[in-house]
Amino acid sequence: MSQRFPDRRGYTVYIVTSTKGGIGKSTVCANLSHALSLRGKRVLCIDCDYSNRALDLLFGCEDRALYNISDIINGICTPADAAVEARRVPDGGALYLIPGPDPGSEIPPPERLSDAVFAAAKALSCDFVMIDTPGVSGGILTAVCRFADRALITVSHGPASVRAAEKTGYLLEAEGVCNQKLVINRFDTGNGIKNGRQGIRSLIENTHIPLIGVVPDSPALERGSEAGLLSTEIRGARKTAGVAFGEIAGRICGERVPLLSFLPAGKRRRLIES
Ligand SMILES: Nc1ncnc2c1ncn2[C@@H]1O[C@H](COP(=O)(O)OP(=O)(O)OP(=O)(O)O)[C@@H](O)[C@H]1O
Ligand SMILES: [Mg+2]
């Protein structure tokens, strides 16, 4: 295991990841960060996808994204200059974004990345830093692992995503990020256990990662995301995916929160036991 930059701060750094592309890492990162901020937490999202930054689009603040994480690392701007207020949040919460680098930017050495992340977290008095990463192993993922405290590994029904989640868990463990939780995303709450798809129980068993939450597949969320809206701001997603992200945020904050609470009790039980 490589040298790690230890936790010495009043905030927690989460890496949202999987070595599989296109399974909802950025969507989970953005919406979960928002859900945490709505619980009164100060949250900084950092887009560390060095191939395809997306969080500025998901938050709908691409016009306000003047600087990015690479600019902080290269001394072009301060963390405060680069941080965009992604949403105004009531009740003491805050939600900031540091956008991802321009395509082709060089992956920084881990210590320079961690210095920039820690400086930003301190400047913004954060409770949580949520880091989005690309769907590949090595490179930036390894760099973030050197200082991340915890990991949220995203998985969906597909067998390739299950295999990738399991592999990601082992990879992160080897890098010292042993506190891992599974986020099942795009879960088909209508046909979750039909058509040979894996249910919640078997997704946990096959990835060997403890579950923190289940986000339903939501076409409304997918459409709304394209317009820079978050789940609680989209009429057709607020009472499903929006609730699910709130459940995960509650669990991260140590609350006892049920899974899939927006479903009727019988269906919930069937899906959870599947
Ligand atoms: N719960 C969901 N319900 C419906 N659509 C979703 C859900 N989560 C993500 N999506 C959609 O899936 C697609 C991929 O999502 P996203 O970009 O978040 O994945 P990613 O893992 O970050 O991808 P990449 O590896 O390219 O960074 C997007 O069109 C997004 O809107
Ligand atoms: Mg992404």
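User: What stands opposite C45, and in which strand?

Analyst: Happy to start there: C45 stands opposite M130 in β5. Strands here are DSSP runs of E with at least two residues, while helices are runs of H or I with at least four, both numbered from the N terminus. This is a predicted model, where local features need pLDDT of at least 70, side-chain atom pairs count only at pLDDT 80 or more, and totals for chains, interfaces and linings use all residues. Residues are numbered from 1 along each chain as its sequence is written, with chains lettered from A and ligands numbered from 1 in the order in which they are written.

User: How do you know that β2 is joined to β5?

Analyst: Two strands pair if DSSP finds at least two bridges between them. Strand β2 (residues 42-47) has 5 bridges to β5, and the two run parallel, so they meet that definition. Strand β1 (residues 12-17) also runs parallel to β5, again with 5 bridges, and V16 stands opposite D132 there.

User: What makes β5 count as mostly covered?

Analyst: A residue is buried if 20 or more other C-beta atoms, placed from the backbone, lie within 10 Å of its own, exposed if 12 or fewer, and partly exposed in between. In β5 (residues 128-132), 5 of 5 residues are buried. F128, M130 and D132 lie on one side and V129 and I131 on the other, so with each of them buried both faces are covered.

User: Why is A82 called buried?

Analyst: A82, found in helix α4 (residues 79-82), has 24 C-beta neighbours inside 10 Å, so it counts as buried. Contact is a separate test, passed when the C-beta atoms of two residues lie within 7 Å. Leaving aside residues up to four places away in sequence, A82 touches Y67, N68, D71, I72, C77 and I98.

User: Which residues are closest to ligand 1, and how many surround it?

Analyst: Ligand 1 is surrounded by 21 residues, with G21, G24, S26, T27 and G135 the closest. A residue is near when its C-beta atom, placed from the backbone, lies within 6 Å of the molecule.
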